[in-house]
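Hi,

Here is the structure I promised to pass on to you. Have a look at it first, and then read on for my notes.

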Amino acid sequence: MRAVAGWAVLVALGEWLWAGGEVPLADFYPFGPAQGDAATRKQDDGGSELRPLAIPFPFFGAGHTGLYVNNNGIISFLKEVSQFTPVAFPISKDRRVVAAFWADVDNRRAGDVYYRESTEQPILERASRDIVQYFPEFPESGAQKLPLFFWLFLTFSFFPSLLQVNTFQIVLITDGKLSFTIFNYESITWTTGMHASSGGDFAGLGGIAAQAGFNAGDGKRYFNIPGSRTDDIADVEMTTNVGIPGRWVFRIDDAQVQVGGCSNTTSVCLTLRPCLNAGKCIEDCITGNPSYTCSCLAGFTGKRCHIDVDECLSQPCLNGATCLNGAGNFSCRCPPGFSGATCETELSPCESRVCQNGGVCQVANGTAACSCQPGYLGTDCQTEVNECESSPCLNGGRCVDLPNNYSCVCLEPFVGQRCETDSSSCEDRSCRTRQTCNYIRPGRYICTCSPGYYGNNCQYGGPRVPGACLSQPCQNAGSCLETEQGYVCECQEGYTGQDCGDKLWEGCECRNGGSCLEGNVTVCQCPPGFFGLLCEFERTGMVGLDDLKGFFHPSDSMILCLTAAMPSPCDSDPCLNGGSCEVHDDSYTCECPRGFLGKHCEKAKPRLCSTGPCRNGGTCREADGEYHCSCPYRFTGKHCEIGKPDPCASGPCQNGGTCFHYIGKYKCDCPQGYAGRHCEIAPSPCSQSPCQNGATCQDLGAGYVCTCPMGFVGKHCQAGEVLGMLRPVVGSGHLPAPTSLANLSPEVDCGVPSEVKHAQASFNSTKVGSLAEYRCEPGYTLSLHNHPRVCRSPGVWSDPPECDEIDECQSQPCLHGGRCKDRVAEFLCLCEPGYTGPQCESDVDECQSEPCKNGGTCQDLPGAFTCHCPEGFVGTQCETEVNACESNPCRNGGECESYRGSYLCVCPEGFFGYHCETASDPCFSSPCGSRGYCLASNGTHSCTCKVSYTGKSCEKVKRNVNNKNDISRPVMLTTRTRPRPVEGFEITNVTASAITVQWALHRLKHSTVSRVRVSIRQLGDLADRTVELNSSVAKYTFLDLQPGERYIVHVTTLSGLGTEDHPSESLATAPFHVWTRPLPPQNLTASRVAATSVSVAWEQPPGGAVEGYIINVTTAQSVKSRYVPNGKLASYTVRELLPAQRYRLSVTAVQNTEQGQVHSEPGHLYVTTLQRDGAPERRWGQAGHPRILRNRLPPAFLPELRLLADHDPAEEPSPAPR
């Protein structure tokens, strides 16, 4: 115990000797306005704007081109930090800072903050000398520029005193790669501001004291100068790590802060190991009076970091939450209605309420209510109002319910919003003179004609000629009707003619009262009002014989009567929007195309989807007079109005947990330490294993207690009390004989041996000659030197041993590229994306969650997945449907319907084809005009011209000669357009003797393709090798090709099955120029095997086109590759191998082509090097050793090839064996 006390006296003496320690202003780097310094504005808190740097400054592994000088004693890099109450490191949110003395500063009454970037050579040389002195391992580092920062005579806020001021300086030093900082403290008289959040008193002490150190801003990496945020920070002017009280020096460019040090003093830290709870021990480097300070981790404080900070004392949890203190941290148990790390967020009642169909949640009297859009009802706006319940559609119209509206689908002939108007009523008729319209029922009326008029609408005739029928001109009981021109006879059945005097022949095919001439049943003489070969066409008026334009032409005892057409009701094209006109008894009707209605097809049928009935992103489709909504994920209902509730909307995850939803479910990703389905189970204070030396931790709810084993005491059982007894050691070489022990003075006692970190000591006595043995904790190994310890005269134990941590990562346990993180007595594998398991041994199947939508096929990849989408869908997850109708491909009024990426044109009457481009009735467009008659035949037409016209379309005027028309029979030609070429033509595989190609045929675009012709030709050949395949085949392989040769491949499509089907051929695709692979090296053998080298030999492949070889050397951990540009090479020696290792050697032939290099298949050889040099050589014949495997495929676990590093020694090829 006297040794411990002596050590304590030594420390106290050292601290007393430092009481006068501080860095005088004269030893500061030069500063002030005379040196060209700038100054920040005098204000409470605040600082400078972003100050650019001439050289990027490395800090925590990243370079920075600018910084902020903050009045509160810190320099920040990523953002300005004006916060005046210091926060315990580590902190996040990009607060990357260098803190010399972070406290609440107000320099409006006293104090200045100066800064500049120095390039003066004397200052740079001084900085370089300082760094070499404190970091001798970097003798070449030289300062290029120095940002200097100086805080002079600063006082604290709220009660600034001109007598209590702090003065300190920060010097940043860098050469662009390494960076260092020097803190100089001249005077520290206060530590805390008087703001309520800081809690300082009138002297500037107490409360939350200043913070000093470094913070990376990621919430993980940091370094505290000893005493930070405690009253001990006031002693920073008297402590040091470089032997000068008040000066601290650090290297700060790396990912971790490196403390400056010394090598000329006794190591107190190594001898005593005084810092507990992973605190970092820092030597003060003062010669003659060595001491130390401890930089504690967050959550611990005290001279030796032995005091666990109760983070709950500052009452960090808000809104009545319960604070749970842990080892170095705390957690908050929030009351209902609050969330967040400190329960700072009040949950709104609307956060757990989901209003559907566009409803808006509103809070009233502390409760949530949904305000619905028009057309919706219910507590959650889930019910749509059905406007069709009131039966608004009249006259049999069908009602279609729409959101906040309705639409009526009317029966003919009713129109109007409610089908209330009859479009066939007499008011809408263009009634002619001398008629009386009698409305019978919807769609039916009767016209009563005045005398002398006839027809459905009394459109024919005129004032009758009195007495025209008095002579009874109509024979064979025909009825006489007086007209404006005289009379008209209506004949009885079997008779025809102007006066009904001609008897009809039996079997006569003439229609409408036409008479067959001279017994020919197919040559007709038509009555007035009709024309055509069989009198099948009706005139629209009466003509006299003098008005006829026809003439008689004798031919084969047959008389053909050609007549001029009378005006027709359809001549004025009364049908609109592509409607077809049909003549009925001197009247007409319009047959409307799809989507139109009305007498003249003038009204568009209401498009049910035009009002946008589908909500929440739903897609509307019409079919059979109805519409249907295809709803996106999380919505359902007729109009996609019912929202499937988002399981994460109610915020089920507590204590800062993150909610992930998938397929109607959710999962909480809890912060570290929390558990339970909703992260509701707070971490136990014992989860951090605060109890040491095998003690048992008992959870008390708001705290914990450690039950110590025998021999240990303290809150965490960290201190030894009685460390047990070791069996006597007999015959040890370190002990004198028993008689010698008896002669030793009983007053000489070494006392209890000091503790060794991570070890337990056992000893049999504290007398001279006694032994103390140590046993390391799991995960540590004992160094062999200084063990066991011996109690020597005059009562001093020998130097202690050390427990070195075992690096479990040296065995490389992590597979598939996983990074190993060493831990005490264990390791942690940080797996690459796509792998999991304790050793990253399992491949994660991302396809198990079925991410591909719309029938997409999922393919699992390492760390990812890919979706092969069905036709008509695109996107990473096949979530987007292709709208093939956007380009308006349908012609002539065709309606486009999109389905799964393809489209179909629904053609109006009179058109057909893929795009409705072909008229089904060649005469539909009146190609002959008004100068001839159109006759359709086999998809084409011919024109029979009227008198005085000729030409293919009767476009030429012709002079009559002898009343003859010289029109010949039409000549017809049938042909077929070219089919579309194939899509996606590509080369899928190439070997030394085969080439495989594939292509794609679209179901609709290539519907006319019957066969596919694939051709290949070697460069220089006169003819192609051609094969014709069925259209269902999409892949073909050409075999028996020559190695290392250039081939040209192209493909065409064929349409039509035979010559009678008028076949056609598409344009050929752009040809592919492909080189087959060269042959691989033959008979690969190992001619010589040593401990560090292997010689391989092979036979050159026939043909002589090889330009070089690639030699690969593969182990289970790496692949090295070497290209040798020598096509005549037949052997090679691989050097710098390891003894007794198994290698796979591969040799690949390389041939140069116009498109680059072409590689053969590799030849493989497996060999094992000898145990050591000097062993007998093994020569491998062509038959091979049983352990040699030739041309074997590589193991699946071998990694991807990579080139040898540039600094690897060259491997010289061996000459070919003679």
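First, a word on terms: two strands pair if DSSP finds at least two bridges between them. Helices (H or I, at least four residues) and strands (E, at least two) are DSSP runs, numbered from the N terminus.

Please keep in mind that this is a predicted model, in which local features need pLDDT of at least 70 and side-chain atom pairs count only at pLDDT 80 or more, while totals for chains, interfaces and linings use all residues. Residues are numbered from 1 along each chain as its sequence is written, and side-chain values use heavy atoms, with hydrogens and water left out.

Now the overall picture. The protein chain holds four helices and 95 strands. It has 1218 residues, of which 40% count as buried (under 20% relative accessible area, with exposed over 50% and partly exposed in between; 1.4 Å probe, protein chains only). The protein chain exposes about 66,400 Å², and carbon and sulfur atoms supply 51% of that area (Shrake-Rupley method, 1.4 Å probe). Among contacts (heavy atoms within 4.5 Å) with a separation of 6 or more, 47% come from residues 24 or more positions apart.

The part I would show you next is an open sheet. Six strands make it up, in the order β2-β3-β4-β5-β10-β11, with antiparallel pairing. Its edges are β2 (51-59) and β11 (222-224), each of which pairs on one side only. On average, neighbouring strands of this sheet are turned by 30° against each other, direction ignored (axes are lines fitted to C-alpha atoms, and angles run from 0 to 180 degrees between N-to-C directions). Which residue of β11 is the bridge partner of Gly213? That partner is Asn224.

Next come β8 and β9, which form a hairpin with four residues between them. In the turn, Gly176 has a positive phi of about 95°. The two strands pair in the antiparallel sense over eight bridges, and Val171 stands opposite Ile182 in β9. β9 also pairs with strand β12 (residues 247-251), again in the antiparallel sense, over five bridges; there, Asn184 has Arg247 of β12 as its bridge partner. β9 is mostly covered: nine of its nine residues are buried.

Rings of Phe, Tyr and Trp (its six-membered ring) pair if their centres lie within 6.5 Å; planes under 30 degrees apart count as stacked, over 60 as edge-to-face and the rest as tilted. By this rule there are 21 aromatic pairs. One of them is Phe101 with Phe168, a tilted pair at 5.9 Å centre to centre and 45° between the planes. This pair links distant parts of the chain, with Phe101 in strand β5 (residues 97-102) and Phe168 in strand β8 (residues 166-174), 67 residues apart. Both Phe101 and Phe168 are buried.

Phe101 also forms an edge-to-face pair with Trp190, at 6.1 Å centre to centre and 90° between the planes. Phe101 lies in β5 and Trp190 in the loop between β9 (179-187) and β10, so the pair ties together parts that are 89 residues apart in sequence. Trp190 is buried, as is Phe101.

Last, two charges over rings (NZ of Lys or CZ of Arg within 6 Å of the ring centre and within 35 degrees of the ring normal). Arg126 lies over the face of Tyr29, 3.9 Å from the ring centre. Lys303 has its charged end over the ring of Tyr292, 4.9 Å from the centre.

Best wishes
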